[in-house]
Amino acid sequence: MKAVLLDAASLGPDIDLAPIRQQVASLEVHPQSSSDEARERLAGAGVAIVNKVILDAATLEALPDLKLICVLATGTNNIDMAAAERLGIAVRNVTAYGTASVAQHTLMLMLALANRLPLYQRDVAEGRWGQSAFFCLMDHGTLQLEGKRLVIVGQGVLGSQVARLAEAFGMQVTFAARPGKADDARPTLAALAPEADIISLHCPLSEATRHLVDARLLAMLKPEALLVNCARGGIIDELAALEALREGRLGGLGVDVLPVEPPREGHPLIDALVEPLNLIVTPHNAWITPEARQKVVALTADNLRDWQA
């Protein structure tokens, strides 16, 4: 069966596609594809392999030979799932490929914010260390992680791995109740917020989690508390968090995600990076270690094998 990979560049140039090639009769590879190009390129193909290219109902209806869509990610929001089901097109995604990578990135953000790295790097670059009356700078109070309370939203594979790493630093980890799940007996994030030293988000974006961390919840936090979001943009109210950071009501903010990606029109958090704030914005690259990206290929090959079986 012919397979077409529509956006190979999203995996990076150093990834070996051999495991996928071994599962199909032929593999046509395109670095990038628009939605219009996708329809043309998938003509006659039985398998579409895609990361973020949108496959809407009109596109799927124009592809009578298409039997399977392999998504090179966990999220399937770029696929019209109802249309795929109606047309008998199977959809397979991949999960847990970036657990180690994203957990590592999450801890990196925690450590950098706890040690006020953005502020001290700015001080060094601007020559303040050389002007110090003694051997070090200590203008920005740091946070020792040992003994501090980490509240995690999301107790899946990723949240659990972050918890294990945090416990290695001596942190006390508590999982908040799953937002929107009424029968979850665990404390809510709002109930845990006043005692939290760090909040780390590892939950999906949904109506229950959109702006889960809003101005009201931010007002409950200790002024030195840290907030980390390696989940999805929009789970926090980014503007409210930025205001709290500027006003000294939030100790640090680290995000790897924004509501619109890539942020072609910019974003206030990106603009604020020029300010002397304990703020880190990374470009949705928590998942990009070579090991994680190669695992996406391996899991996709497994999906192809299982579907054909």
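This report describes a predicted model of one protein chain, from its overall make-up to single residues.

## Ground rules

Residues are numbered from 1 along each chain as its sequence is written, and side-chain values use heavy atoms, with hydrogens and water left out. The model is predicted, so local features need pLDDT of at least 70 and side-chain atom pairs count only at pLDDT 80 or more, while totals for chains, interfaces and linings use all residues.

## The chain as a whole

The chain holds twelve helices and eleven strands. These are DSSP runs, numbered from the N terminus: helices are H or I with at least four residues, strands are E with at least two. The C-alpha trace spans about 70 × 50 × 35 Å along its principal axes.

The chain has 309 residues, and 48% of them count as buried. Buried means under 20% relative accessible area, exposed means over 50%, and partly exposed lies in between (1.4 Å probe, protein chains only). Contacts are counted too, with contact meaning heavy atoms within 4.5 Å. Among contacts between residues at least 6 apart in sequence, 64% join residues at least 24 apart.

## Helix 5 against helix 7

Helix 5 covers residues 99–114 and helix 7 covers residues 157–168. They pack at an angle of about 50°, with their axes 9 Å apart. Axes are lines fitted to C-alpha atoms, for helices over the stretch in contact, and angles run from 0 to 180 degrees between N-to-C directions. Helix 5 and helix 7 are therefore oblique to each other. Under 35 degrees would count as roughly parallel, over 145 as roughly antiparallel, 65 to 115 as roughly perpendicular, and the rest is oblique.

The crossing of helix 5 and helix 7 is right-handed. Helix 5 makes the contact through Thr99, Val102, Ala103, Gln104, Thr106, Leu107 and Met110, and helix 7 through Val157, Leu158, Gln161, Val162, Leu165 and Ala166. These residues divide into nine nonpolar, four polar and no charged. Here Ala, Val, Leu, Ile, Met, Phe, Trp, Tyr, Cys and Pro count as nonpolar, Asp, Glu, Lys and Arg as charged, and the others, Gly among them, as polar.

## Helix 10 and its surroundings

Helix 10 runs over residues 238–246. Its buried residues are Glu238, Ala240, Ala241, Leu242, Ala244 and Leu245. They pack against helix 9 (215–218), strand 9 (226–229), strand 10 (252–255), helix 11 (268–271) and strand 11 (279–281). Glycine 248 follows helix 10, and its phi is positive, near 80°.

Threonine 300 sits in helix 12 (residues 290–308). Its relative accessibility is 0%, so threonine 300 counts as buried. Beyond neighbours within four places in sequence, threonine 300 is in contact with Ile20, Ile49, Cys70, Leu72 and Val94.

Glutamate 28 belongs to strand 2 (residues 26–29). At 28% relative accessibility, glutamate 28 is partly exposed. Leaving aside neighbours within four places, its contacts are Lys2, Ala3, Val4, Leu5 and Arg41. Glutamate 28 and threonine 300 are 272 residues apart in sequence and 15 Å apart in space, C-alpha to C-alpha. Valine 173 lies in strand 7 (residues 172–175).

## Cysteines

How many disulfides are there? The count is zero, where a disulfide is a pair of cysteine sulfur atoms within 2.5 Å. The sulfur of cysteine 203 is 12 Å from the closest cysteine sulfur, in cysteine 230, too far for a bond. Cysteine 203 is buried, at 9% relative accessible area.

## Backbone details in the loops

A cis peptide bond joins glutamate 261 and proline 262, with omega about -5°. Proline 262 is in the loop between strand 10 and helix 11.

Alanine 96 has a positive phi, near 60°, in a residue other than glycine. Alanine 96 is in the loop between strand 5 (90–92) and helix 5, and is partly exposed at 37%. Histidine 284 also has a positive phi, near 50°. Histidine 284 lies in the loop between strand 11 and helix 12, and is partly exposed at 27%.

Definitions and conventions:
Left-handed = near helix turned anticlockwise from the far one by under 90°.
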